[in-house]
Amino acid sequence: MPIYQQLGTIPPKRHTQFRKTDGGLYYEELFGTIGFEGMSSLLYHTWRPTQVKSLGEPYDVSPRIAVTNNMTMRKLIGFDVKPATDYLESRTPLLVNRDLILGLAAPSGGPMSYFYKNADADELLFIHRGSGRLRTPFGQVPFTYGDYVLIPRGTIYQIEFDGADNRLLYLESHSPIYTPKRYRNHFGQLTEHSPYCERDYILPRNLETRDEHGDFIVKIKKQSHIHPVTYETHPFDVIGWDGYNYPWAFSIHNFEPITGRIHQPPPVHQTFQTDAFVVCSFCPRLYDYHPLAIPAPYNHSNIDSDEVLYYVDGDFMSRNDIAQGHITLHPGGIPHGPHPGAYERSIGKKETQELAVMVDTFRPLMLTEAAMAIDDGRYFGSWGET
Ligand SMILES: [Fe+2]
């Protein structure tokens, strides 16, 4: 996230005295990555952010794995994941490996009574239905349908929804989530050939400075456990901050598709990168314009990755019997391609309205018990002639 931001009041020089009106000091915190070498921000707290009052009993939230070695094409009926009032309980892990957790959530609740921090993983939320705001010490990040919300590991947050009908795709990534390196120049700026640019970022705003003492429970996720920690002061007591490491959002509707005379390979849809997987956005776009073009994708063998597609909206040109909220999994090692008739059907088509999010993982994915509960069980045979 190489874009410098500043919100609230900060001292003119870092690591120097910064005083309140009563003469007391604000308390500086470095919030950084990759030791002291990566992106970081400096936050100025009203109170010391280290005042632990009590520790709750940790509890295990490890995904329950049902299928460890998967070589089966799968279709999961994502909207069958049940709504839950509590945000964390609503999060249902479906596909996992040692690099990430991919899941769906249908949170229906109001304001959270606790704060949450993922100490293990960057989080990426994709908002399929609903709107609201992420509340953090950096300010609020508003979100609505089609937004990716990126939350760097260690960010304390609450999430508020405007209504009860919310659907999220979420990722927990043990490898930091960045913009694709090939779209960044030597200075970190997104280049002219990037499908989106810094102007599209939804940045934190409405800084909350809550000067409050009490019992503030932060549920900290670490090593697949939730550790409830009660703090003396409100986590959102920041008077100002600056730096490069903070939560932000980006709308899939602002992704500008790259098209060509003939079929463009999936990397043109890439939106984010990590060391362990990529995230791509399939957006409404004009089709290939060579006179003999076949807009549907060719069959391909994804030897190096498992491919996950989450279907968001529109008509899914290469697939039959696909609806919103479905997830398909095409495991590495066997070829996949358009459904029967889709290849031929695509010829002469000028555009598509499809909207989908793809996650390609470099290591195989395992399926959880929750995933198998919404597996249609027949998808693997859907390329047959009959
Ligand atoms: Fe594919």
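This is a predicted model: local features need pLDDT of at least 70, side-chain atom pairs count only at pLDDT 80 or more; totals for chains, interfaces and linings use all residues.
1. R64 and E369 are joined by a salt bridge in which the closest N and O atoms lie 3.1 Å apart.

2. The domain assignment of the protein divides it into domain 1, made of 30-64 + 83-252, and domain 2, which covers 259-380. Taken over C-alpha atoms, the centres of domain 1 and domain 2 are separated by 28 Å, and the contact draws 38 residues from domain 1 and 38 residues from domain 2.

3. The size of an interface is often expressed as the accessible area that is lost when the parts come together. Here domain 1 and domain 2 bury about 3100 Å² between them, with 65% of that area on carbon and sulfur atoms. Within domain 1, the residues that lose the most area to domain 2 are L94, L95 and H128, which together account for 18% of what that side buries.

4. As for polar interactions, two salt bridges are counted between domain 1 and domain 2, while the count of residue pairs in polar contact between these domains, both at pLDDT 80 or more, is 17.

5. On the side of domain 1 that touches domain 2, at least two residues each come from β8 (91-96), β9 (100-105), β11 (122-129), β14 (147-151), β16 (167-173) and β20 (248-251). The strand that gives the most to this side is β8, with five residues.

6. Sorted by class, the side of domain 1 that touches domain 2 holds 25 nonpolar, six polar and seven charged residues.

Note on methods: Residues are numbered from 1 along each chain as its sequence is written. Side-chain values use heavy atoms; hydrogens and water are left out. Domain bounds come from an automatic or database domain assignment. Contact means heavy atoms within 4.5 Å. Buried area is the accessible area (1.4 Å probe) that two parts lose on being put together, summed over both. A salt bridge is a side-chain nitrogen of Lys or Arg within 4 Å of a carboxyl oxygen of Asp or Glu. A polar contact is a pair of N or O atoms within 3.5 Å; within protein, one must be able to donate a hydrogen and the other to accept it, and residues adjacent in sequence count only if both atoms are side-chain atoms. Helices (H or I, at least four residues) and strands (E, at least two) are DSSP runs, numbered from the N terminus. Ala, Val, Leu, Ile, Met, Phe, Trp, Tyr, Cys and Pro count as nonpolar, Asp, Glu, Lys and Arg as charged, and the others, Gly among them, as polar.
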